[in-house]
Amino acid sequence: MPAILRKATLLCFYLLSFSCIRAQTCDCRKGEGHEDYVSLGSIGKGKHKITVCGLEREGAHNEEDSTFSDPSWRYHLHSALIVYDCKIGDTLFEQEMMMDSWMYNLSISANKDQIELTEMTFIDYLGAKSTYTPLPVATTRFSIRHGKAFVSKSEPAFTMPPFSQAVRDSARRFYNRLEDTLKVKLFAQWIDYNQYPSDLLLTAALLDMGRSRYLYRHLREYFDLDGAVSEDYEQGYLDHLLDNIKK
């Protein structure tokens, strides 16, 4: 085969391969680890679409169990998502499944012109887990403008929860207990922190009680966290909420 023909054949092969790769990005089931993904929403038409891919329903297989296990399953939230620009085969947003996904659930809404992705979180502000409802933290919007994908800046959406008096009192008692413990121990054992609801210090910090914000930011320096609490704790979570307070 002449050299120029070989080059032309290779070029066609590469172009065909590239076209296939681009086409695959709009098939939610393509790609490593995405076998169970489905389309959760899309905008645009023809060759230019933006598609959101993720798990259709996350959590327990038994719906009756899911209502007691994780409140996010009652609100159709997602902890793993990909947003594709189908025209150029680009990934506009991706969040993989995380152990601390209870902090970073995502809500999706789409109309013919725009996809809205809102980060949601759960904070026990009423003192009863059965009444947990998701709180918006930040919103990002995806649209198509002048033939190109447009991604907005993340907009703050968090408002301080209306903490019940019972939750406020519990948070203050817990914070005072921690301070009393640290008066006699430079570094406290896991039982001094982990035997209580882990979000009580977060509640105290949001309410700015004493030096609760400092303790939350430096929690590992003072307490030996056990496995479950250690997985749930994210040092920057408090500041992420405070930085996204809606004005």
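**Salt bridges and nonpolar cores**

Glu 155 and Arg 141 join their side chains in a salt bridge, N to O at 2.7 Å (side-chain nitrogen of Lys or Arg within 4 Å of a carboxyl oxygen of Asp or Glu). The two partners sit 14 residues apart, Glu 155 in strand β9 (residues 155–156) and Arg 141 in strand β7; strands are DSSP E runs of at least two residues and helices are H or I runs of at least four, numbered from the N terminus. This is a predicted model, where local features need pLDDT of at least 70 and side-chain atom pairs pLDDT 80 or more, while totals for chains, interfaces and linings use all residues. Residues are numbered from 1 along each chain as its sequence is written, and side-chain values use heavy atoms, without hydrogens or water.

Glu 155 comes out partly exposed at 37% relative accessible area, and Arg 141 likewise at 23% (buried is under 20%, exposed over 50%, partly exposed in between; 1.4 Å probe, protein chains only). Both residues also belong to a salt-bridge network with Glu 116. The whole structure holds 6 salt bridges. Another one pairs Arg 211 with Glu 179 at 2.8 Å, N to O.

As for the nonpolar side, the largest core has 34 residues, and Ile 123, Tyr 193, Leu 206 and Phe 223 touch the most other members. A core here is a set of buried Ala, Val, Leu, Ile, Met, Phe, Trp, Tyr and Cys residues joined through side-chain atoms within 4.5 Å. A second, separate core of 9 residues includes Val 83 and Phe 142.
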